[in-house]
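The following note sets out numbered points on the model under review. Each point takes up one topic, beginning with a single side chain and its surroundings.

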Amino acid sequence: MATPVVLIAEQLSPATIAALGPDFDVVNVDGTDRAALKDALATADAVLIRSATQIDAEALSWAPQLKVVARAGVGLDNVDIKAATQAGVMVVNAPTSNIISAAELTVAHVLGLARNLQRAHASLSAGEWKRSSFTGTELFEKTIGIIGLGRIGALVAERLRGFGVDLIAYDPYITAARAQQLGVELVELDDLVARADFLTIHMPRTPETTGMIGEAQLKAMKPTAFVVNVARGGLIDEAALAAALAAGEIAGAALDVFVQEPPADASLTGLPNTNVTPHLGASTEEAQEKAGVSVAKSVRLALAGELVPDAVNVAGGVINEYVKPGLPLTEKLGQVFAGLADGPVTALDIEVHGELAEHRVEVLRLAALKGLFSKIVSDPVSYVNAPLLAEQRDLEVRFSVDAVSESYRNVITLRGTLADGTPISVSGTLTGPKQVEKIVEINGYDLELPLSEHLVVFTYTDRPGIVAAYGGLLGDAGVNIAGLQIARDEKAGTALSVLSVDAPVSEDLLAQLGEAIAADSLHAIDIVED
C-alpha cells in the first residue's frame, strides 16, 4: 500500500510536523502559487493550510484522492466547504485553539481603554509629556457587561473577576445555574447596555446578531462607557459606533475585527478614542501551535478512517446512503428549534420515527445538536463538539428510534423544554423522489410546508382578517411571501401561522407584525446552510 501523501501548503510549526508522525510522505508547497498547488494536489491525500491558501472548487478538482483539508486555525473562509462535502472531502479546523488568546486580547483591550495606553504611547512617542491628558479609570468595582457566555465569554469573565468588577451578561441560551457558576448576573440586553461601564461582545455573526449593538443601544449607554469587539466584524453597527464616538455618546471603543478587513476607510481607525488592532485574536505563538498540532492529529484520524472530533462537514464513520439526506434536514430542524426558543433549553428529545429505524441513525442526534448550537454559540460547531456544548450547558439530551410513523415514511422530531417549563417541538420529513425537506409539526400543530431560508412563525387568536393584516405589512416592506400554512387547535381558538418569505424580516418589522395581529408569540428564523 502506498504511503499517504500529506501536503503542507503553508508555514507550520515543527510541533505540527512532529504531531503528524512518521507514517506519511510529507510534501511542502507554496499554497499561494496556484500552478504549484495544482501539481502537488494531484497525489495528495491530505492538505494542511492556514489562511492564505484557497481550497476552492477548482483546487478540489485537482485532487482526485484528497480525503481531508485541515485548516490550522478557526476560520474557514478560504475553504469551499460545500464543494468539499460534495467531493467527499472532510474539512477539519481547530475550533478551540484561539480561545485563550482571544480572551486575553479582550482583557488587554479593556485595560488599554481604561488607562488610555494607545493614546499615551502615541503622545510620548511624538516627544510629548502630557500626563494630565491621559487620566484613566480603575476597573475595580466597575460593571463589565459580557454579551455571549460561550467559551471565550466565560474565559473573559474568569479573568476579569480578579479585578474586583461586577460581572453581568446577556446570553438567552445560558441557564441561571451556569451563570452562577461563573459568578455572573444574567440580565436582558437593554439592562446590560444601560449598566455596563465596559461592554464586550462574544457572539457568532448571524442574521440575528449582525448589528445587535446599534444606534439605540449605543445611545442607551453611559457617556463614560467603553465597548470592545474581538469576536466578529459587524456585531456592532460600525456607522452607528463611529457617530457615537464622534458625538461623545460613549467614551471609547476597542476593535480587533471589522466588516471589511482591512477597513475601507479611517472612520473608526482614525478616531482618537479608539484602540484598534488588525484581527489579532488568534495571533499568538501558542494559539498557532495549538492549531497546527490539533489539525495534525485530526489528519491522522481521518486518514485512518476513524471518528474526527473537529470535522465541520461530516461525521466520522460510515453513514448509510438512506440516512444521509436526513442530516441536513435534522440540522435545519435544530436551527428552527433554536429560533423558537425564547430562553435556555434544559432538556431535548431527538426522536426518529419510521423506516430510518432499520439503519444506524445515531449521527442524526449529532446533526440536531449541531444545528441547535450553530445558532447559539460563536465558535464553529461540529458533529463531535456539539455534544460537549450540550454537556457544558447541562442540557439533558435523549435519543430514541422507533419504526412507527403514522403519516410519513419517516419523521424526525425535536422536542424540548425551556428553563421556565415551556415545551417546544418541531418535526420534519423528506417527501417525494426529490426528497423535499418539509416541516410537518410545530408545538403540536400539524402542517406541511417546505423548509426555506427565511421563516416567520407566530401564534394568535384565530379570527378573520389576520392574513390580510400581516400580508399588507410584509408587502409594504417589500418582503414576498413564498409559502404559507395555518394550523389551529379549534375554530376561534389559537392559530399558528408559518410563513416562508424571500428575505429576512427585521426586528422592527417583526414588532409591527406582532402588534398588528396581537400575536401571542412571534419568531423570525433564518436558516444557514453549511
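1. Ser425 touches Leu340, Leu414, Arg415, Glu441, Ile442, Asn443 and Gly444, leaving aside residues up to four places away in sequence; contact here means heavy atoms within 4.5 Å. Ser425 belongs to strand β16, residues 423-431. Its side chain makes a polar contact of 2.5 Å with the side chain of Glu441. A polar contact is a pair of N or O atoms within 3.5 Å, where within protein one must be able to donate a hydrogen and the other to accept it, and residues adjacent in sequence count only if both atoms are side-chain atoms. Ser425 counts as buried because its relative accessibility is 5% (buried is under 20% relative accessible area, exposed over 50%, partly exposed in between, with a 1.4 Å probe and protein chains only).

2. On the basis of the model: it is predicted, so local features need pLDDT of at least 70 and side-chain atom pairs count only at pLDDT 80 or more, while totals for chains, interfaces and linings use all residues. Residues are numbered from 1 along each chain as its sequence is written, and side-chain values use heavy atoms, with hydrogens and water left out.

3. On the overall fold, the protein chain has 17 helices and 22 strands; helices (H or I, at least four residues) and strands (E, at least two) are DSSP runs numbered from the N terminus. The C-alpha atoms fill a box of roughly 80 × 70 × 40 Å along the principal axes. Of the 530 residues, 52% count as buried. Among contacts with a separation of 6 or more, 63% are between residues 24 or more positions apart.

4. Asn443, one of the residues touched by Ser425, has a positive phi near 50° although it is not glycine. Asn443 sits in the loop between β17 (436-442) and β18 (445-450) and is partly exposed, with a relative accessible area of 36%. Asn116 likewise has a positive phi, near 55°, and is placed in the loop between α5 (99-114) and α6 (117-125). Asn116 counts as buried, at 14% relative accessibility.

5. Which residues are joined by a cis peptide bond? The bond links Glu261 and Pro262, with omega about -5°. Pro262 is in the loop between β11 (252-255) and β12 (274-276).

6. On a 1 Å grid over the protein atoms alone, a cavity is a set of points where a 1.4 Å probe fits but cannot get out, and lining residues have an atom within 4 Å of a point. Grid points are joined across faces, edges and corners, and a volume is the space filled by probe spheres set on the points. The largest cavity holds about 60 Å³, and its lining residues include Tyr173, Phe373 and Arg393. Seven of the lining residues are nonpolar, none polar and one charged. Ala, Val, Leu, Ile, Met, Phe, Trp, Tyr, Cys and Pro count as nonpolar, Asp, Glu, Lys and Arg as charged, and the others, Gly among them, as polar. The second largest cavity holds about 50 Å³; its lining divides into six nonpolar, three polar and two charged residues, including Gly233, Gly234 and Glu238.

7. On open space, the second largest pocket holds about 1,400 Å³, a pocket being an open set with protein on both sides within 12 Å along at least five of seven lines. Its lining comprises 42 residues, with Tyr170, Pro172, Tyr173, Glu208 and Glu507 nearest its centre. Elements giving two or more residues to this lining are α9 (189-195), α13 (326-340), α17 (507-517) and β22 (521-526). Of these, β22 gives the most, with five residues. By class, the pocket lining has 21 nonpolar, eleven polar and ten charged residues. Tyr173 also lines the largest cavity.
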